[in-house]
Amino acid sequence: MSRAFVKEQDGDQVSEDLPELPQEPIPNRVTPEGLKNLIARQAKLEKERERLAGHDDMVERSKLAHVERDLRYVEGRIYHAEVVEPGDQPSDKVAFGALVKVADEAGKKHSYSIVGEDEADFDAGMVSWVSPLARALDGAVVGDAVTWKRPAGDIELEVLAISYPKG
């Protein structure tokens, strides 16, 4: 088809074709703290939407489209959230919400919290429950050796301690 017959957008239009952020097809497990964080994020986005609403400026309208998309995403995450109470987990096994202390093959100690996807921050020691590390640790007890399968090479970890935050 010739480009002569294709309608182009005027320069002052905001694209309506902003792709949605994907929702994972797995349960959205969250800690109680994780749900609080999602609700706070929703409130922040709602305030930003109110601030941007009614602007004629193309840049502000573009920002509004992004805020509305992000708000739909967060609302979906909240709607599908399954809060897992740490006190309901087995205290002697690694499960969702656990703080796990491990030692690697070199004897270096690390601590990891098993949390929801929205809470994950590896640099802060918070790993998603669906990550390879969390899957390797799932169900382990103190004294167990587990293999963390990584693209950079497998690592053996020994579970030193397991605890759950008090709710």
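Predicted model: local features only at pLDDT ≥ 70, side-chain atom pairs only at ≥ 80, totals over all residues.

Trainee: Great. How many salt bridges does a search of the whole structure find?

Mentor: The search finds eight.

Trainee: Where do E48 and R51 lie?

Mentor: Both are in helix α1, which covers residues 32-52. They are three residues apart, about one turn of the helix.

Trainee: Which residue forms a salt bridge with R51 at 3.9 Å?

Mentor: That's E60, and the 3.9 Å is the distance between the closest N and O atoms. E60 counts as buried, since its relative accessibility is 14%.

Trainee: What about D70, which residue does it form a salt bridge with?

Mentor: D70 forms one with R69, where the closest N and O atoms are 3.3 Å apart. R69 is buried, at a relative accessible area of 12%, while D70 counts as partly exposed at 21%.

Trainee: Which residues do salt bridges with shared partners join into one network?

Mentor: The network is made of E48, R51, E60 and K63.

Trainee: Let me switch to R77. Where does it lie, and what does it touch?

Mentor: R77 lies in helix α2, residues 58-79. Not counting residues up to four places away in sequence, R77 touches Q23, E24, N28, L38, E117 and D118. It is buried, as its relative accessible area is 2%.

Trainee: How far away is its nearest side chain of opposite charge?

Mentor: That side chain is K108, and it is 6.3 Å away. D104 is buried yet has no salt bridge.

Trainee: Hmm, what does the D104 side chain have a polar contact with, then?

Mentor: With the side chain of H110, at 3.0 Å. Leaving aside neighbours within four places in sequence, the residues in contact with D104 are H110, I155, E156 and L157.

Trainee: On to the strands. In what sense do β3 and β7 pair?

Mentor: They pair in the antiparallel sense, over five bridges. Strand β3 is residues 99-103 and strand β7 is residues 155-163. As an example of who faces whom, V102 stands opposite V159 in β7.

Trainee: And how many bridges are there between β6 and β7?

Mentor: Four, again in the antiparallel sense, with β6 running over residues 145-148. Within that pairing, the bridge partner of A145 is E158 in β7.

Trainee: How many residues sit between β6 and β7 in their hairpin?

Mentor: Six residues lie between them. In the turn, G153 has a positive phi of about 125°.

How values were computed
Residues numbered from 1 in each chain as written. Heavy atoms only, no water. Helix = DSSP H or I, 4+ residues; strand = E, 2+ residues; numbered from the N terminus. Buried < 20%, exposed > 50% of the residue type's maximum accessible area, 1.4 Å probe, protein only. Contact = heavy atoms within 4.5 Å. Salt bridge = Lys/Arg side-chain N within 4 Å of Asp/Glu carboxyl O. Pairing = 2+ DSSP bridges. Lys, Arg positive; Asp, Glu negative; His and termini not counted. Polar contact = N/O pair within 3.5 Å; in protein donor to acceptor, adjacent residues only side chain to side chain.
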